[in-house]
There are 2 protein chains.
Amino acid sequence: MRLDIARDLLDDNDAIAAQTAELLRAKGVLCVGLLSSPGAGKTSLLERTAKAWSDPLRMAVIVGDVATEADADRLRRLGVPAIQINTLHYGASCHLEAGAVARAVGVLDLSATEVLFVENVGNLVCPVAFRLGEHRRAVLLSTAEGLDKPLKYPKAVLETDLAVITKTDLAPYVDVTAEMLTHAVRQLRPAMPVIALSAKTGDGLDAWLAWLGREREALVNGRVARVATP
Amino acid sequence: MRLDIARDLLDDNDAIAAQTAELLRAKGVLCVGLLSSPGAGKTSLLERTAKAWSDPLRMAVIVGDVATEADADRLRRLGVPAIQINTLHYGASCHLEAGAVARAVGVLDLSATEVLFVENVGNLVCPVAFRLGEHRRAVLLSTAEGLDKPLKYPKAVLETDLAVITKTDLAPYVDVTAEMLTHAVRQLRPAMPVIALSAKTGDGLDAWLAWLGREREALVNGRVARVATP
């Protein structure tokens, strides 16, 4: 009985997510979901991205947190349109759901937007299960979190499209290098694309920007498949 | 409708948790729950605790993860009785629930145990809502996660008994000191007890061991209140 309810809720969620993905595709807006533990550096990566692009209006952000507008404020300060969803108003939920994201998408002016980022609540478990309308999903793994997270949270790697290793500047102090973490990711999924970077130093950012550019181009040229319900 | 189901599930959970807490109290076993983001150092702290105590059998551990036995194995290597619960078998849940913990407690030989640790799945949201039978709960906050986590995950501070600041050895590299993080915790909750430590260097470990000793003594002397359902 309980599992049936969960299944129905997920089906409803995925139907809304598929509508959002299609709407954004029609507008030429690539939607990229970011998942990670709390404090792995999702917002720092988006700040760096905004600074690297000459026009920060190329991007927009929907950001989920249990509480506070802190992350949206950090991005607004750089001129990025940002909408904060506080899940405190949605049962203090540990993840975003497609309905709230669809409402946020409806509020944004996306006429100049090339990439819409959806930054999920910091959590490596439930956010994976709820599609939000993203065309691509990236999981961020910080060197400071240790080597065991890919195996401990397997779906976060198996059901996303890119692993971004963050905080590579901390490698000498945490005894975890980008190479070791890449190996840990590929033990689970040998063909997983991996980018390693430091949002603090800017090291590796080029590869991230290039990935975004390629994915946006593929979307506009119709080479990004429709998002299937999983 | 959905909220009523959630409420019933929580009530059932809390009833089992209260039984577990009472059972452990009768045996003189202090039960301490550990909550944190993934990779904040829960298992490293328990490894350090086992090494600091001349008899590691004074402690036992129940550890929750979505997948792998990695954490239980780390503790078994030090001679600590450890039971791993994989939530993959419980709907891939992002948190432990009281039923699974009660079954694990039933399997453990607790005759020599003074402190039973329950290490939850790495997640700052849902684990807070599910009581497991702990007499005390500690939330671990790593310096590497940044300063904003207490305000973003307020219940993790408001509904636990101790904040443990971890990875203080990284402070110079992440621009977050123990003092700054203590301030962030106490902005939310001025009287929150805070201990800062590094499981890597052992710095600050004495305060943690002293806290455990005091709480165990209070339990045995009947000064720890029964765990009320929240």
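This is a predicted model: local features need pLDDT of at least 70, side-chain atom pairs count only at pLDDT 80 or more; totals for chains, interfaces and linings use all residues.
Student: How do you know that chain A and chain B are related as by a two-fold rotation axis?

Tutor: Chain B is laid on chain A by a turn of 180° with a shift of 0.0 Å along the axis, and the RMSD is 0.0 Å. The two copies are thus related as by a two-fold rotation axis. The same surface serves both copies, as 100% of the contact residues of chain B recur in chain A.

Student: How many residues of each chain are in contact, and how much area is buried between them?

Tutor: In chain B, 36 residues are in contact with 36 residues of chain A. The two chains bury about 2,800 Å² between them, with 61% of it on carbon and sulfur atoms. On the side of chain B, the residues that lose the most area to chain A are B:Pro38, B:Lys152 and B:Tyr173, which together make up 21% of what that side buries.

Student: What makes the pair A:Asp175 and B:Lys200 a salt bridge?

Tutor: The rule asks for a side-chain nitrogen of Lys or Arg within 4 Å of a carboxyl oxygen of Asp or Glu. For A:Asp175 and B:Lys200 the N to O distance is 3.1 Å, so the pair meets that cut-off. Across the interface of chain B and chain A the rule finds six salt bridges, and over all chains the structure holds 26.

Student: Why is the pair A:Arg58 and A:Glu114 called a salt bridge, and which parts of the chain does the pair link?

Tutor: The closest N and O atoms of A:Arg58 and A:Glu114 are 3.2 Å apart, and the cut-off is 4 Å, so the name applies. The pair links distant parts of the chain, 56 residues apart. A:Arg58 is in the loop between H2 and strand S2 of chain A, while A:Glu114 is in the loop between helix H4 and strand S4.

Student: Why are H2(A) and H9(A) called roughly perpendicular?

Tutor: Helix H2 (residues 42-52) and helix H9 (residues 205-220) of chain A pack at an angle of about 80°, their axes 11 Å apart. Angles of 65 to 115 degrees count as roughly perpendicular, and H2(A) and H9(A) are therefore given that description. H2(A) contributes A:Leu45, A:Arg48, A:Thr49 and A:Ala52 to the contact, and H9(A) contributes A:Leu205, A:Trp208, A:Leu209 and A:Leu212. These residues divide into six nonpolar, one polar and one charged.

Student: What angle do helix H2 and helix H9 of chain B make?

Tutor: Their axes cross at roughly 80° and come within 11 Å. H2(B) and H9(B) are therefore roughly perpendicular to each other.

Notes. Residues are numbered from 1 along each chain as its sequence is written. Chains are lettered from A and ligands numbered from 1 in the order in which they are written. Side-chain values use heavy atoms; hydrogens and water are left out. Copies are superposed by least squares on the C-alpha atoms of residues with pLDDT of at least 70 in both. Contact means heavy atoms within 4.5 Å. Axes are lines fitted to C-alpha atoms, for helices over the stretch in contact, and angles run from 0 to 180 degrees between N-to-C directions. Helices (H or I, at least four residues) and strands (E, at least two) are DSSP runs, numbered from the N terminus. Angles under 35 degrees count as roughly parallel, over 145 as roughly antiparallel, 65 to 115 as roughly perpendicular and the rest as oblique. Ala, Val, Leu, Ile, Met, Phe, Trp, Tyr, Cys and Pro count as nonpolar, Asp, Glu, Lys and Arg as charged, and the others, Gly among them, as polar. Buried area is the accessible area (1.4 Å probe) that two parts lose on being put together, summed over both.
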